[in-house]
Amino acid sequence: MPRRSRTSTALGISATAVVALALAAPPALAGPAAAPDPVPSLVAGQDTAAPQLVTGLAESAVGSPADAARAHLAAHADRYHVDPGELAEVGSESTADGRRTVRFEQRHDGVPVFGAQYLVHLTGEGAGQRVESVGGKYFTGLTVPTTATVPAAALRDLALGSVQDPKARAAATAEDHGLVVLPDGAGRLAQRFTVHAADPATGGPAAREVFVDATVGVVALAYDTRAPLPAGGTDQRAAAAGLEPATGTAPDARGNSAKVNIARLPDGSYQLTDLTRPATITTYDAGGRDEMDLGGGIPADLPPAHSPGPDFPASAGTSGATDASVNAGIVYDFYHDRFGRNGLDGKGGAITSVVNVSQDGAPYANAYWDGKKMVYGSGGPNYYPFSAALDIAGHEMTHGVISNTADLAGMGQAGAMNEGLADYFGNAIEVTARGMSMNDPAAALLGESKCRTGTPQACADRRMDDHRTTVDDYLGGTVDNGGQHLNATIFSGALWDIRRTLDPLTADRVVYRALTAYLTPLDDFVAGRNAALAAGRDLGLSHAQLRTVAAAFDAHGIKAGWESRIGMDSRTLARNLSYSMAPPAAGGGHWVAMAPAPDPVKGTGGTLPGTTALYTGSTTGRGAPVRLSPDDGRYHSWPSTDGTNAVWKAIGTTAKDHSRELLTAPLSGAGPVRSLFLADGKEPGNPQVSGGDIAFTVHDFATGRTSLWLSHDGAPAVELPLADGHHPDDLTLKDGYLAWTESWQDGQQYVTAPTVYSIAAGKVTAQYTAHAAPGAAATTASSARLAGGRLLWLDTPAGAAARASIRSGALDGSGVNEVLAADSPNAPTLGSDLTASDQAVTYKVQSTKPAGGWTNAALPKLWQLPTGGGTPQRLSCDRGGQDQPAADQGTRVVWLDSTPGRTDLVVRDRAAGTC
Ligand SMILES: [Zn+2]
């Protein structure tokens with residue numbers, strides 16, 4: 001089910017562009033137009049010498065599966081480049097036809113490598129045992145030392161510090177999972193925590209996987225999960241002791257009477273525990289308790305749904321308990337009958353559901369798998385209890401199967417495959433149990449039966465026949481852990497097409513084998529495609545059937561190199577900057593941007609950054625970007641540049657170093673990095689540079705006052721006087737003028753005033769107050785920018801109006817022009833920001849979140865018009881999100897673009913016009 005999406009500092013695992021090296025048939029043997037084998041024989045790994053996939057093997061292997069697999073990898077070191085001594089077996093699957101998969105996790109000097117798993121597939125018995133295929137992720141370039149240098153307490157503080165809401169942070173707990181190596185280039189040593197904190201947006205429990213770099217002390221990676229707290233919960237096996245299997249009746253959520261498998265307690269009463277399968281299925285009725293209370297497991301005082309006799313009361317139906325129990329049995333049987341799987345963990349472990357959960361005193365309208373159990377909301381006036389939708393139960397329980405097999409990470413493409421597989425099996429189970437045709441219009445809908453009113457189409461959360469493709473629809477960026485729900489149907493759509501075009505049973509077996517035998521935690525869509533094809537060949541699919549599988553992935557754009565086929569009309573200056581959207585700077589033909597250390601441009605290892613370095617390069621894209629900030633483990637950001645020098649802020653990120661320092665350095669690298677400001681208890685901000693002049697603000701935490709400072713021609717900075725209670729922000733410096741937005745309280749009125757200061761004259765030469773003129777609506781000025789010999793700013797009306805006007809004022813205070821009226825088409829939206837050169841002003845237009853969820857069309861776009869006024873034009877027709885524009889010279893602008901499914905710094909020399 002769609003979990004609440006939160007903006008996250010999560011950094012997705014990068015799209016892995018695998019290279020398929022198909023073996024060409026010798027010309028003499030090439031028949032007339034023979035279609036190539038759709039199953040690749042060798043897929044090279046990215047940023048590693050170990051191949052992602054090798055198929056078509058038949059090499060003898062003796063001993064236990066694990067021993068045989070290790071021996072095979074060791075005997076072919078030139079092929080795999082894997083050190084068997086760095087492999088730990090983490091689970092194996094065997095199938096009824098005698099196939100075995102040995103799943104290894106990579107270690108680096110004994111420390112687990114996050115998400116790195118390498119799998120060996122065997123068939124046959126005894127002397128006839130053979131290795132058929134090998135693959136997964138094993139990173140050969142790891143050299144990072146595995147000794148943490150940041151103290152353990154500081155690492156925990158940093159993990160807790162990643163909770164942004166102060167109240168939630170105070171109550172947060174961090175569960176320590178020990179050291180891991182993040183497979184980024186040479187590797188990063190990190191301490192892994194699960195941080196539990198109340199979600200400030202909803203008050204509900206939230207969990208977040210946080211990886212803190214253990215040598216520099218910054219959060220290197222974080223993404224949201226629903227992991228439960230480690231402690232608490234009743235022991236279901238103990239609870240099952242002394243129970244006798246029985247049958248009874250219970251009303252379901254729709255008021256029909258259902259036959260239920262129940263358990264008789266020693267005292268003669270009954271509970272909703274189904275003992276008829278190897279895995280015990282128990283259902284708890286939370287009785288409207290808040291989902292918050294379930295974060296630590298099932299409370300000790302909460303018994304399973306209970307009845308004095310074998311015929312359960314009406315509450316078993318209204319709570320959703322009957323449906324959860326019956327549907328859990330249907331899901332168990334599907335996995336068992338179709339694939340021989342014994343429950344979610346494959347070992348007959350207890351299957352636990354909690355129903356009738358509320359949130360903040362209201363019925364909870366959602367469901368989730370929390371890593372150990374299913375949690376179902378009670379629905380409410382518009383929804384049935386969520387356990388009453390079989391596809392939702394199948395979806396959540398499939399998350400349980402996934403976490404016990406491929407364990408796909410909950411972010412980026414891996415997260416979208418996790419959701420897509422849960423959707424696929426959720427619907428396959430519903431369609432199978434209900435005897436629906438694959439051509440039934442409701443077959444591809446997920447969650448369509450949970451609504452009390454309305455059509456299934458309107459009720460559904462997602463549909464797998466939405467024809468979305470990678471190239472047209474992939475949505476990268478900051479929302480939804482990198483699009484784990486938003487991009488799910490790109491992958492599940494391909495799987496559903498396979499189910500429609502092959503027979504459903506064959507399709508289900510292919511997808512199940514891909515999930516359990518081939519996929520690994522960090523896999524991307526293309527690895528998912530190759531997994532399905534390899535699984536299909538293992539299962540004996542014909543060449544034509546394999547072509548059908550490949551065609552389904554083709555139709556959804558899932559093939560090697562899809563990222564490069566997304567059309568972009570901008571040039572890329574630096575790849576994979578970060579999801580945090582830290583604003584870049586531009587000026588004088590150069591850019592400065594924050595990027596993951598140590599090197600975003602090399603493209604190694606994808607996006608597992610700690611955002612700690614500033615880079616600079618030419619806005620023409622010529623030459624390689626170079627690192628500007630020192631390698632001191634601090635957080636370097638908020639740059640400004642005039643094309644010759646840069647100024648920026650550095651923040652200490654360890655428990656010992658809370659420093660806030662302003663630094664400056666020449667872009668050429670020809671001079672040292674100099675300190676401009678550093679003082680205890682004071683925070684510098686708004687650094688600006690132009691020629692020899694540097695300006696900034698200083699906030700004093702003791703007095704709450706913010707002061708304004710100017711350094712002219714290299715002289716020490718001096719404070720510029722401001723009236724009492726006046727606050728400077730939003731500085732802009734150019735050609736001998738300094739300007740800012742000044743704000744103060746005037747009685748009941750909050751006044752904002754774009755203000756110009758002549759450095760030569762040493763005084764304020766213009767102040768344009770934006771406040772309630774008599775009879776006019778109040779406005780707020782922001783985003784002051786010096787450009788074209790004038791001062792520009794945004795003027796935003798009070799209230800919920802979403803558009804601002806662009807104004808400009810003479811530097812001597814002699815008059816104001818309207819550059820763009822707030823009611824003109826494509827005026828700036830709330831939260832926009834101006835960036836301007838002497839020729840052009842650029843800003844952002846962002847629609848509010850559409851009712852149906854985010855789409856590419858709804859992501860922010862940039863618009864540009866002449867500084868003197870004119871008609872706004874689209875700066876770029878890139879289909880993804882565009883943010884944080886920085887004007888260079890003329891009409892050239894750099895910005896952060898999420899079109900390619902990651903965040904790149906890109907540039908255009910002029911506006912694209914209409915798109
Ligand atoms: Zn889900």
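Guide: Let's begin with a term: a residue is called buried when its relative accessible area is under 20%, exposed when that area is over 50%, and partly exposed in between, using a 1.4 Å probe and protein chains only. The model is a predicted one, where local features need pLDDT of at least 70 and side-chain atom pairs count only at pLDDT 80 or more, while totals for chains, interfaces and linings use all residues. Residues are numbered from 1 along each chain as its sequence is written, and side-chain values use heavy atoms, with hydrogens and water left out.

Now to the pairs themselves. Side chains of opposite charge can pair when their charged atoms come close. A salt bridge here is a side-chain nitrogen of Lys or Arg within 4 Å of a carboxyl oxygen of Asp or Glu. Searching the whole structure turns up 36 salt bridges.

Please find Glu209 and Arg192, which form one of these salt bridges, with their closest N and O atoms 2.9 Å apart. Glu209 sits in strand β11 (residues 205-213) and Arg192 in strand β10 (residues 188-198), so this pair links distant parts of the chain, 17 residues apart. Strands (E, at least two residues) and helices (H or I, at least four) are DSSP runs, numbered from the N terminus. Glu209 and Arg192 are both buried.

Next, look at Arg79 and Glu59, whose side chains meet in a salt bridge at 2.8 Å, N to O. Since Arg79 lies in helix α2 (residues 77-80) and Glu59 in strand β4 (residues 59-60), the pair ties together parts that are 20 residues apart in sequence. Arg79 is partly exposed, at 27% relative accessible area, and Glu59 also counts as partly exposed, at 21%.

What about Glu209 and Arg192: buried or exposed? As we saw, both are buried.
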